[in-house]
Amino acid sequence: MILRPERAQDAAAIGALTEAAFSGQPYSDRTEHLIVDRLRRARVLSLSLVAEDDGALVGHIAFSPVALSGGEKDWYGLGPVSVIPGRQGEGIGGALIRRGLEDLRGLGAAGCIVVGNPALYRKFGFVSQQALLLSDVPAEYFLVQAFTGPVPAGAAEFHPGFYRDV
Ligand SMILES: CC(C)(COP(=O)(O)OP(=O)(O)OC[C@H]1O[C@@H](n2cnc3c(N)ncnc32)[C@H](O)[C@@H]1OP(=O)(O)O)[C@@H](O)C(=O)NCCC(=O)NCCS
(Lines give C-alpha, C1' and ligand atoms only; values in the text may rest on other atoms or scores of the structure.)
Protein backbone atom coordinates (compact mmCIF):
# COMPACT_ATOMS: atom_id res chain seq x y z
CA MET A 1 0.00 0.00 0.00
CA ILE A 2 1.25 3.47 -0.79
CA LEU A 3 0.16 6.89 0.44
CA ARG A 4 0.39 9.70 -2.11
CA PRO A 5 -1.17 13.06 -2.99
CA GLU A 6 -4.35 12.85 -5.04
CA ARG A 7 -4.12 13.18 -8.81
CA ALA A 8 -6.72 14.79 -11.07
CA GLN A 9 -8.01 11.41 -12.22
CA ASP A 10 -8.62 10.27 -8.59
CA ALA A 11 -11.53 12.65 -7.94
CA ALA A 12 -14.37 10.24 -8.77
CA ALA A 13 -12.82 7.33 -6.86
CA ILE A 14 -12.23 9.56 -3.82
CA GLY A 15 -15.89 10.61 -3.89
CA ALA A 16 -17.04 7.01 -4.14
CA LEU A 17 -14.82 5.72 -1.34
CA THR A 18 -15.78 8.61 0.94
CA GLU A 19 -19.47 7.96 0.35
CA ALA A 20 -18.99 4.24 0.97
CA ALA A 21 -16.94 4.79 4.15
CA PHE A 22 -19.59 6.96 5.76
CA SER A 23 -22.65 5.01 4.58
CA GLY A 24 -24.21 3.28 7.54
CA GLN A 25 -22.44 5.48 10.10
CA PRO A 26 -25.06 6.84 12.51
CA TYR A 27 -23.37 10.27 12.71
CA SER A 28 -23.19 10.67 8.92
CA ASP A 29 -25.50 12.87 6.87
CA ARG A 30 -24.28 11.12 3.68
CA THR A 31 -22.83 14.34 2.27
CA GLU A 32 -19.19 13.91 3.30
CA HIS A 33 -18.12 13.09 -0.27
CA LEU A 34 -19.59 16.42 -1.41
CA ILE A 35 -17.36 18.25 1.07
CA VAL A 36 -14.25 16.96 -0.67
CA ASP A 37 -15.61 18.02 -4.08
CA ARG A 38 -16.52 21.50 -2.84
CA LEU A 39 -13.13 22.03 -1.20
CA ARG A 40 -11.42 20.89 -4.39
CA ARG A 41 -13.54 23.20 -6.56
CA ALA A 42 -12.79 26.10 -4.19
CA ARG A 43 -9.07 25.23 -4.52
CA VAL A 44 -8.64 24.93 -0.79
CA LEU A 45 -7.73 21.26 -0.55
CA SER A 46 -4.42 22.14 1.09
CA LEU A 47 -3.55 18.49 1.36
CA SER A 48 -5.40 15.54 -0.15
CA LEU A 49 -3.78 12.14 0.32
CA VAL A 50 -4.94 8.78 -0.91
CA ALA A 51 -4.04 5.27 0.18
CA GLU A 52 -3.63 3.08 -2.89
CA ASP A 53 -3.42 -0.68 -2.72
CA ASP A 54 -2.81 -2.77 -5.82
CA GLY A 55 -3.97 0.09 -8.04
CA ALA A 56 -7.22 0.74 -6.13
CA LEU A 57 -7.92 3.63 -3.78
CA VAL A 58 -8.80 2.34 -0.31
CA GLY A 59 -8.51 5.48 1.79
CA HIS A 60 -8.41 9.26 1.64
CA ILE A 61 -7.79 12.24 3.91
CA ALA A 62 -8.35 15.94 3.30
CA PHE A 63 -7.04 19.07 5.01
CA SER A 64 -8.21 22.63 4.35
CA PRO A 65 -7.53 26.04 5.87
CA VAL A 66 -9.61 27.22 8.83
CA ALA A 67 -10.24 30.69 10.23
CA LEU A 68 -9.54 31.55 13.87
CA SER A 69 -11.24 34.55 15.48
CA GLY A 70 -7.91 35.81 16.84
CA GLY A 71 -6.51 36.00 13.31
CA GLU A 72 -3.85 33.34 13.91
CA LYS A 73 -2.49 32.10 10.58
CA ASP A 74 -1.66 28.67 9.18
CA TRP A 75 -4.29 26.60 10.94
CA TYR A 76 -5.95 23.74 9.11
CA GLY A 77 -8.90 21.43 9.51
CA LEU A 78 -8.67 17.66 9.13
CA GLY A 79 -11.47 15.91 7.29
CA PRO A 80 -13.09 14.05 5.95
CA VAL A 81 -10.96 10.93 6.46
CA SER A 82 -12.27 7.72 4.97
CA VAL A 83 -11.33 4.09 4.54
CA ILE A 84 -13.49 1.75 2.44
CA PRO A 85 -15.70 -0.46 4.62
CA GLY A 86 -13.93 -3.75 3.84
CA ARG A 87 -10.55 -2.36 4.86
CA GLN A 88 -11.33 -0.45 8.07
CA GLY A 89 -9.44 -1.43 11.19
CA GLU A 90 -6.25 -2.39 9.33
CA GLY A 91 -4.25 0.72 10.11
CA ILE A 92 -4.93 2.59 6.86
CA GLY A 93 -6.81 5.50 8.44
CA GLY A 94 -4.15 5.86 11.12
CA ALA A 95 -1.41 5.91 8.49
CA LEU A 96 -3.25 8.61 6.52
CA ILE A 97 -3.76 10.74 9.63
CA ARG A 98 -0.12 10.42 10.71
CA ARG A 99 1.25 11.17 7.24
CA GLY A 100 -1.21 14.02 6.77
CA LEU A 101 -0.18 15.68 10.02
CA GLU A 102 3.48 15.24 9.15
CA ASP A 103 2.98 16.79 5.70
CA LEU A 104 0.95 19.60 7.23
CA ARG A 105 3.85 20.47 9.54
CA GLY A 106 6.06 20.45 6.45
CA LEU A 107 3.78 23.10 4.94
CA GLY A 108 4.48 25.31 7.95
CA ALA A 109 1.15 24.73 9.68
CA ALA A 110 0.68 26.14 13.18
CA GLY A 111 -1.93 23.58 14.10
CA CYS A 112 -4.91 21.48 13.13
CA ILE A 113 -8.50 21.06 14.26
CA VAL A 114 -10.87 18.14 13.82
CA VAL A 115 -14.42 17.16 14.72
CA GLY A 116 -14.98 13.54 15.55
CA ASN A 117 -14.55 10.66 17.92
CA PRO A 118 -12.18 11.80 20.70
CA ALA A 119 -11.01 8.21 21.30
CA LEU A 120 -9.77 8.06 17.70
CA TYR A 121 -8.14 11.46 17.39
CA ARG A 122 -6.43 11.46 20.81
CA LYS A 123 -4.26 8.66 19.44
CA PHE A 124 -2.77 11.15 16.98
CA GLY A 125 -1.98 14.02 19.34
CA PHE A 126 -5.30 15.88 19.31
CA VAL A 127 -6.71 17.10 22.62
CA SER A 128 -10.13 18.21 23.82
CA GLN A 129 -9.79 21.63 25.38
CA GLN A 130 -11.80 24.71 26.32
CA ALA A 131 -9.79 27.59 24.83
CA LEU A 132 -10.74 27.22 21.17
CA LEU A 133 -14.35 26.45 20.37
CA LEU A 134 -16.35 25.54 17.30
CA SER A 135 -19.91 26.76 17.07
CA ASP A 136 -22.62 24.11 17.56
CA VAL A 137 -20.12 21.33 18.34
CA PRO A 138 -19.78 20.01 21.92
CA ALA A 139 -16.25 20.68 23.19
CA GLU A 140 -15.75 16.94 23.67
CA TYR A 141 -15.99 16.28 19.91
CA PHE A 142 -13.90 19.25 18.86
CA LEU A 143 -10.22 18.45 19.12
CA VAL A 144 -7.16 20.54 18.51
CA GLN A 145 -3.47 20.00 17.97
CA ALA A 146 -1.06 22.95 18.14
CA PHE A 147 2.23 22.33 16.33
CA THR A 148 3.84 25.50 17.63
CA GLY A 149 2.89 27.40 20.77
CA PRO A 150 -0.27 27.17 22.81
CA VAL A 151 -3.79 26.54 21.50
CA PRO A 152 -5.22 29.97 20.62
CA ALA A 153 -8.32 31.11 22.52
CA GLY A 154 -11.44 32.04 20.60
CA ALA A 155 -13.62 30.57 17.88
CA ALA A 156 -12.62 28.40 14.94
CA GLU A 157 -14.45 28.05 11.62
CA PHE A 158 -13.98 25.41 8.97
CA HIS A 159 -13.77 26.63 5.39
CA PRO A 160 -17.26 27.54 4.06
CA GLY A 161 -16.80 24.78 1.45
CA PHE A 162 -17.45 22.31 4.25
CA TYR A 163 -21.05 23.43 4.38
CA ARG A 164 -22.03 24.84 0.97
CA ASP A 165 -20.92 25.68 -2.54
CA VAL A 166 -18.54 28.64 -2.48
C1 LIG B 1 -12.39 6.39 11.03
C2 LIG B 1 -11.55 5.68 9.97
C3 LIG B 1 -11.03 6.70 8.95
C4 LIG B 1 -10.36 5.03 10.69
O5 LIG B 1 -9.59 4.34 9.72
P6 LIG B 1 -9.16 2.82 9.99
O7 LIG B 1 -8.26 2.41 8.92
O8 LIG B 1 -10.41 2.03 10.19
O9 LIG B 1 -8.42 2.98 11.40
P10 LIG B 1 -7.07 2.28 11.85
O11 LIG B 1 -7.19 0.80 11.64
O12 LIG B 1 -5.92 2.97 11.20
O13 LIG B 1 -7.08 2.60 13.37
C14 LIG B 1 -6.23 3.60 13.95
C15 LIG B 1 -6.46 3.63 15.42
O16 LIG B 1 -7.71 4.27 15.70
C17 LIG B 1 -8.59 3.37 16.35
N18 LIG B 1 -9.90 3.59 15.77
C19 LIG B 1 -10.26 3.38 14.49
N20 LIG B 1 -11.53 3.75 14.30
C21 LIG B 1 -11.97 4.20 15.49
C22 LIG B 1 -13.20 4.73 15.95
N23 LIG B 1 -14.24 4.89 15.11
N24 LIG B 1 -13.28 5.08 17.23
C25 LIG B 1 -12.24 4.95 18.08
N26 LIG B 1 -11.04 4.48 17.71
C27 LIG B 1 -10.92 4.11 16.44
C28 LIG B 1 -8.05 1.98 16.11
O29 LIG B 1 -8.40 1.11 17.15
C30 LIG B 1 -6.57 2.25 16.05
O31 LIG B 1 -6.05 2.36 17.34
P32 LIG B 1 -4.71 1.54 17.75
O33 LIG B 1 -3.67 1.99 16.79
O34 LIG B 1 -4.46 2.00 19.15
O35 LIG B 1 -5.09 0.12 17.61
C36 LIG B 1 -12.36 4.57 9.23
O37 LIG B 1 -12.77 3.60 10.16
C38 LIG B 1 -13.57 5.10 8.48
O39 LIG B 1 -13.49 5.43 7.30
N40 LIG B 1 -14.73 5.17 9.16
C41 LIG B 1 -15.95 5.66 8.53
C42 LIG B 1 -15.83 7.13 8.23
C43 LIG B 1 -15.49 7.94 9.47
O44 LIG B 1 -16.06 7.72 10.54
N45 LIG B 1 -14.54 8.89 9.34
C46 LIG B 1 -14.11 9.73 10.43
C47 LIG B 1 -15.16 10.69 10.83
S48 LIG B 1 -14.66 11.65 12.22
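**Close-up views of the ligand site and selected backbone features**

**View 1. Residues around the ligand in the predicted model.** In this predicted model, 20 residues surround the ligand, and the closest are Tyr27, Gly89, Gly91, Gly93 and Gly94. Sorted by class, the shell around the ligand is made up of nine nonpolar, nine polar and two charged residues.

View 2. A side chain takes part in another pair, in which an N or O atom of Asn117 is 2.8 Å from a nitrogen atom of the ligand. The ligand taken alone would expose 890 Å², of which the protein buries 68%.

View 3. The ligand takes up the space of the largest pocket. Two or more residues of the shell around the ligand come from each of helix 1 (11-22), strand 5 (75-83), helix 3 (92-106) and helix 4 (118-121).

**View 4. A cis peptide bond at Pro80.** The peptide bond that leads from Gly79 to Pro80 is cis, with omega near -10°, and Pro80 itself is found in strand 5. As background to this view, most peptide bonds are trans.

View 5. Most residues other than glycine have a negative phi. Arg30, however, has a phi near 65°; this residue lies in the loop between helix 1 and helix 2 (32-41). Because its relative accessible area is 46%, Arg30 is classed as partly exposed. Asp136 likewise has a positive phi, near 70°, and its place is in the loop between strand 8 and strand 9 (142-146). With a relative accessible area of 80%, Asp136 is exposed, because that value is over the 50% cut-off.

View 6. Leu134 lies in strand 8, which covers residues 132-134. The relative accessibility of Leu134 is 9%, and this residue therefore counts as buried, the cut-off for that class being under 20%. Although Leu134 and Ala155 are 21 residues apart in sequence, the distance between their C-alpha atoms is 5.8 Å.

Definitions and conventions: Residues are numbered from 1 along each chain as its sequence is written. Side-chain values use heavy atoms; hydrogens and water are left out. A residue is near a molecule or strand if one of its heavy atoms lies within 4 Å of it. A polar contact is a pair of N or O atoms within 3.5 Å; within protein, one must be able to donate a hydrogen and the other to accept it, and residues adjacent in sequence count only if both atoms are side-chain atoms. Accessible areas come from the Shrake-Rupley method with a 1.4 Å probe; for residues, only the protein chains shown count as cover. On a 1 Å grid over the protein atoms alone, a cavity is a set of points where a 1.4 Å probe fits but cannot get out, and a pocket is an open set with protein on both sides within 12 Å along at least five of seven lines; lining residues have an atom within 4 Å of a point. A molecule sits in a cavity or pocket if more than half of its atoms lie within 2 Å of its grid points. Helices (H or I, at least four residues) and strands (E, at least two) are DSSP runs, numbered from the N terminus. Ala, Val, Leu, Ile, Met, Phe, Trp, Tyr, Cys and Pro count as nonpolar, Asp, Glu, Lys and Arg as charged, and the others, Gly among them, as polar. Buried means under 20% relative accessible area, exposed over 50%, partly exposed in between (1.4 Å probe, protein chains only).
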